[in-house]
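Let's walk through a protein structure together, one piece at a time. Have a look at the model below, and then read on.

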Amino acid sequence: MLEEFTYRPLVAYFSMEIALQNEIPTYAGGLGVLAGDTMRSSSDLALPIIGVTLVSLAGYFRQAIDEAGRQVEHPDWWRPEDHAVPLEARVAIPMEGREVWIRGWLYVLEGHMGGRTPIVLLDTDVGENREDDRQITHYLYGGDEVYRLKQEMVLGIGGARMLQALGVTVLQYHLNEGHSALLTLELLRRYAHPRAHLRTGEARYDVPRVRELCNFTTHTPVEAGHDQFSYDLVQRLLGTYFDLVTLKSLAGQERLNMTRLALNLSLYINGVAKRHTETSRVMFPGYEVRSVTNGVHPFAWTGPSFVQLYDTHFPGWCHEPDLLVRADRLSDAAVWSAHSAEKEGLLKMVKERSGVDLDPAVATLGFARRMTGYKRPDLLFSDLERLKHIAQQTPLQIVLAGKAHPRDEGGKGLIERLHRHVRELPSIRIAYLPNYDMTIARVLVAGVDVWLNTPLPPMEASGTSGMKASFNGVPNLSVLDGWWAEGYIEGVTGWAIGELGKAPEADAESLYQKLEQVVLPLYYSNRSGWIAVMKGAISRNASFFNSHRMMRRYTTEAYVQ
Ligand SMILES: *Cc1c(COP(=O)(O)O)cnc(C)c1O
């Protein structure tokens, strides 16, 4: 079954979450969507790659919102047999002194250009396992830290063993974030000195060999965001799997830090935007951190009207998105008509999903992402009188969406607060679409007029939804963090909120000023000026911030040297 893929060496791409398709809830947000776009571009480019992730049978969660605006979480069960085929190989990993068995499902990602890319979904829900072990691969990012470490053992150690059992020759390993870093321990054991018992410490292990095999992409610009586990817990779960003295030398003396482990055992390390790479270099002195700015998949995130427009004017753009650099040649009428069709699609979806009637003639702001403190989803609402006043002069309407992690009380509070603001602002049409997912994202990034992004710098490593907007000619209005520090040219590709190095408290004022004095006046009184910015977003940003470029870079700079 796998022979179609395993006849040649493959890059093994490990990620805790991969957004394969909307019906498969094996993703929570940006990291998973990026992993999915990585697989989609690999498929279009026919790269020799295999994805490894958890089957997450109950998904992340399905979000409902109650009368009071509170998030309600439901399990999002899916049936792998409807989308994937079971693999015969089974592997076991040691855990708490017993064995946990893992089976694999093969999902073949079929790209729109005919490419096929294999992804192995790891599943512990098998009869050999104890009841609690069967649940390890149920809830993506669920449970407590014990559950998380078990999941990371399945992903890293189990994933590496599974590839071996399947007969995959691994060209290189790519660790997408630190969750899979335990795979480095499995490789150290595999390539240990044959007479290891005669040696001590690191000399037993062929660290250089493992480093040559591993590539690590970090996504977390703050120390507190890195997965860390106490060595008491590690010892309880891993037992004698790996000697503690060496482990501490590789993963940190105090706690097992998954990022440290990945950093110490990867020859190629990168951040996901230039600004994020600079932050990472300061956070991880002594490591050579390179920079590969993220991108999004061209076809997956371009609305049907723009697909048609690009197909007509830039044949081959799906393979070579750089061709969109000529977007300035498109006629104003063609761009506006494609946008109007996308906006109509959005208004229809908003009506269906929230009951809110939006007005096609009114400037529409979109904000959808993980609801958590640093994303500051309430920045737009920090002065309701000001917002009302702006909307009186230059009408605006708003579409919001996003989930909060079930244990992020702050994030859940933000969802409630946004719903309160909706009630407090009857004069402005505002819709909050529940259960943000890839389908909503695709319609939203194409159908709004402005994509709003207000993270607290330097917390946004990259952000990718704004890149999706660019493919649909939707300008960004964003804080200069993550990718936007690279993608932004004032008044050409969109607009900045705040200034680099200025106090973040000034961001709300800057946001209101830009809306009131620049963005909305341009929208209503200079349509051809507005369309020029739309074209700027396509020509300068879609042509560059795409996952084909990203994968071509990973291939030539990390995988093949
Ligand atoms: C693109 C996407 C994200 C990531 O958006 P950011 O701007 O990086 O926060 C999250 N969730 C879904 C469903 C997406 O499609």
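Before we start, here is what a contact is: heavy atoms within 4.5 Å. Helices (H or I, at least four residues) and strands (E, at least two) are DSSP runs, numbered from the N terminus. Please keep in mind that this is a predicted model, in which local features need pLDDT of at least 70 and side-chain atom pairs count only at pLDDT 80 or more, while totals for chains, interfaces and linings use all residues. Residues are numbered from 1 along each chain as its sequence is written, and side-chain values use heavy atoms, with hydrogens and water left out.

Let's begin with the sheet. Strands of a sheet pair through backbone hydrogen bonds, either parallel or antiparallel. Here, two strands count as paired if DSSP finds at least two bridges between them. Nine strands form an open sheet with mixed pairing, in the order E5-E6-E7-E2-E1-E8-E9-E12-E13. At its edges are strand E5 (85–95) and strand E13 (289–291), each of which pairs on one side only. From one strand to the next, the twist averages 25 degrees.

Now find strand E8 (residues 170–176). It pairs with strand E1 (residues 10–14) in the parallel sense, over five bridges. Is E8 buried or exposed? Six of its seven residues are buried (under 20% relative accessible area, with exposed meaning over 50% and partly exposed in between, using a 1.4 Å probe and protein chains only). E8 is therefore largely enclosed by the rest of the structure.

Next come the helices that lie across these strands. For their directions, axes are lines fitted to C-alpha atoms, for helices over the stretch in contact, and angles run from 0 to 180 degrees between N-to-C directions. Helix H4 (residues 145–165) lies across E1, strand E2 (49–54), E5, strand E6 (98–110), strand E7 (116–123) and E8, and runs at about 125 degrees to E5. Helix H5 (residues 183–190) lies across E1, E8 and strand E9 (214–217), at about 150 degrees to E8.

Two helices also meet each other. The axes of helix H7 (residues 231–238) and helix H8 (residues 244–251) come within 12 Å and cross at roughly 130 degrees. Tyr 231, Val 234 and Gln 235 of H7 make the contact with Leu 244, Leu 247, Lys 248 and Ala 251 of H8.

Finally, let's visit some loops. Glu 96, in the loop between E5 and E6, has a positive phi near 50 degrees although it is a residue other than glycine. With 27% relative accessibility, Glu 96 counts as partly exposed. Tyr 141, in the loop between helix H3 (131–134) and H4, is not a glycine either, and its phi is positive at about 55 degrees. Tyr 141 is buried, with a relative accessible area of 9%. In the loop between strand E17 (450–453) and helix H16 (465–471) you will find Pro 458. The peptide bond from Pro 457 to Pro 458 is cis, with omega near 0 degrees.
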